[in-house]
Amino acid sequence: MQPGPIATRVSPSPTAELEGTVEALIAKGVDVCRLGLGEPDIATPDHVREAGIRAIREGFSQYTSTAGIIALRQAAADRLRADIGVSYAAQEIVMTVGGKQAIFNALAALCGQGDEVIIPIPHWVSFPEQVRLVGGMPVFVQGDPARGYRVSAAEIERHVTPRTRVLVLNTPNNPSGAVYGKAELAAIAELCATHDIWVISDEVYRAFTYTPAGHVSIASCAGMRERSVVVDAVSKTYGMTGWRIGYSAAPIAVTRAMTAVQSHVTSNPTSIAQRAALAALSGPQEWIAGVREDYARRRAELFAGVRDLPGLECEIPDGSFFLWVDASWWLGRELAGRPITTIEDFASALLEQARVAVMPGTGFGSPSHLRMSFAAPVPELREGLTRMRAFLGATAAVA
Ligand SMILES: Cc1ncc(COP(=O)(O)O)c(C=O)c1O
């Protein structure tokens, strides 16, 4: 079978592929430290699980309306008002199959054939591929490591053309951990108003922000509520990656278009998962601060450990649960007798010989970086560091 033109336009998700490789190794009995995946080690809270179980027992197992049950849409709107200070009506919320589908819906609703979508580098792996899937053209803006990989309004403006339609902003950023401040966002907002650009603001990591100022949404900047699609999900915040619930918040015309797209692709997200998400979004939130503090400690520990590894450089991230590690020193060298030509060679050597899984940066827009996660349990983090120290230290001494 020859794949069709849309299928050949995109490459498979490298993060999903790594997950498959690691799972296969673990199934074979290999003990792997998993520092590569974008998943917190938080268990879904009991009251959320109970809500899911109750939904099953009550037989809440029919279709819901495409955009989700109204109580959940209202709970999402209430959460956004409390967390980012922007008011939405329940009718402006669409519940989706994870944040991933909300981003796809938004691109499908906003982007015409050949329209340009600006994406700062480094970026989450799916942004450019989703742009290509809807017939748009990704246009990349390189983030400056000296500024924590945040791109400025001036840098974005240099890439604006008459075809520019959307800017994808992801704060806190996966993989760099960059967190945008209010003044930077206000400048970007002004640029978007000047050039009539929409923003898809992916805020799925906003619970994991470690700066004193905390998370700021561009939708809270003057004039931006009317040209933004805010994307959030219960996946990372509540340890619910497998439940597959995300949502978008946007003005009503775009919300209608996104709902129409979704109505022909998946219909509603799972009814039972919606009831669990309702418990997550409307239930107690105080415990999340404890998780954030715990992750801040792990961030410090992984950062200190990786900074001491030979040939690896990184800065402490302001948000998310990733360390974005420059491994360019290793490219062109040898690791345990193997030539390291690409970052994939380096990651494979770590996985196969040190049994530590990390994610090559290529799919995130940088073939000289690695992404490491500190959302792994502390013993696994420490063991991962010990193994990397033993493996890379011994090799670097020879190199
Ligand atoms: C930046 C970013 N946006 C969106 C998503 C999608 O999350 P979900 O699992 O809710 O689809 C992810 C997941 O890894 C992500 O890293």
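Modeller: The buried residues of helix α4 pack against β2 (93–96), β7 (228–233), β8 (246–249) and α10 (271–282), where buried means under 20% relative accessible area, with exposed over 50% and partly exposed in between (1.4 Å probe, protein chains only), and where contact means heavy atoms within 4.5 Å. The model is a predicted one, in which local features need pLDDT of at least 70 and side-chain atom pairs count only at pLDDT 80 or more, while totals for chains, interfaces and linings use all residues. Residues are numbered from 1 along each chain as its sequence is written, and side-chain values use heavy atoms, with hydrogens and water left out.

The buried residues of α4 are Leu-72, Arg-73, Ala-75, Ala-76, Ala-77, Arg-79, Leu-80 and Ile-84. Helix α4 itself covers residues 70–84, which makes 15 residues, and from its first C-alpha to its last it reaches 21 Å, close to the 21 Å expected at 1.5 Å a residue; that expected span is 1.5 Å times one less than the number of residues. Just after α4 comes Gly-85, which takes a positive phi of about 70°.

Another glycine, Gly-136, has its place in the loop between α6 (126–133) and β4 (137–142). Gly-136 is buried, with a relative accessible area of 10%, and, leaving aside residues up to four places away in sequence, Gly-136 touches Cys-111, Gly-112, Gly-114, Asp-115 and Val-131.

Note on methods. Helix = DSSP H or I, 4+ residues; strand = E, 2+ residues; numbered from the N terminus.
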